[in-house]
Amino acid sequence: MAAKKNNNIDRRWSEEKISSAILIILIMLSAIMFVVFFSSGYNEPWEENTEFINPAHTDNLINFMFFIGGTACVAVFASMLWFARCRGHVLNVTGGIPAGKISAAVVSLLIISLIVTYVTSSNTAIIINGRSYNETSWLCLTDMFIHTTEILLGVAVLAVVYGMSGINRRIQKH
């Protein structure tokens, strides 16, 4: 006798299907923004100084990036809440992987790198469209995010190289 399929499970979307659908939607929206931005009014000269261009859909692109960034923040926060509520009991070791230690290390690294890069950031004025821009708080925040991204990308590359090297497996054998 064949086992009866549970239709409730088939109707629910798995995390993989949800993630794939969101990725496809974001790629489509990004492609639409790309086409709109570069196909209409891209070479409009800036009224105050005609040496610079002022694309017609710059505001739409900036608002789209705020939407993407805000949505990502909401998704991260919702994911953290879901994980803490549903799977909080598996924070110690999962399948031989110290998930709790890794999570704590990632959060600590992020917070420490944000603090260090903000303290060491530059607030030197820059020239934008021929004008001096000296809003120190935005200059520091921009510098902080750029350098934090560089640090975290470097750590991610090192983690991948370490994982591929097999050093951890050789250490555990001895």
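User: Among contacts in the protein chain between residues at least 6 apart in sequence, what share joins residues at least 24 apart?

Analyst: The share is 34%, where contact means heavy atoms within 4.5 Å. The model is predicted: local features need pLDDT of at least 70 and side-chain atom pairs pLDDT 80 or more, while totals for chains, interfaces and linings use all residues. Residues are numbered from 1 along each chain as its sequence is written, and side-chain values use heavy atoms, with hydrogens and water left out.

User: Why is H4 called oblique to H5?

Analyst: The axes of H4 (residues 99–119) and H5 (residues 136–165) come within 8 Å and cross at roughly 140°. That makes H4 oblique to H5, because under 35 degrees counts as roughly parallel, over 145 as roughly antiparallel, 65 to 115 as roughly perpendicular and the rest as oblique. Axes are lines fitted to C-alpha atoms, for helices over the stretch in contact, with angles from 0 to 180 degrees between N-to-C directions.

User: Which residues of H4 and H5 meet?

Analyst: From H4, Leu109, Leu110, Ser113, Leu114, Thr117 and Tyr118 take part. Their partners in H5 include Cys140, Met144, Phe145, His147, Thr148, Ile151 and Leu152. The residues of this contact divide into 11 nonpolar, four polar and no charged.

User: What makes Ser113 buried?

Analyst: Ser113, in helix H4, has 5% relative accessibility and so counts as buried. Buried means under 20% relative accessible area, exposed over 50%, and partly exposed in between (1.4 Å probe, protein chains only). Beyond residues up to four places away in sequence, Ser113 touches Thr148, Ile151 and Leu152. Of the 174 residues in the chain, 9% count as buried.

User: How do you know that Glu135 is partly exposed?

Analyst: Glu135 has 39% relative accessibility, so partly exposed is the class. Glu135 lies in the loop between strand S2 (131–133) and H5, and its C-alpha atom is 9.2 Å from that of Thr124, 11 residues apart along the chain.

User: Why is Glu51 called exposed?

Analyst: The relative accessibility of Glu51 is 70%, so Glu51 counts as exposed. Glu51 is in the loop between helix H2 (15–39) and helix H3 (58–87). Glu51 and Gly130 are 79 residues apart in sequence, with 9.6 Å from C-alpha to C-alpha.

Notes
Helices (H or I, at least four residues) and strands (E, at least two) are DSSP runs, numbered from the N terminus. Ala, Val, Leu, Ile, Met, Phe, Trp, Tyr, Cys and Pro count as nonpolar, Asp, Glu, Lys and Arg as charged, and the others, Gly among them, as polar.
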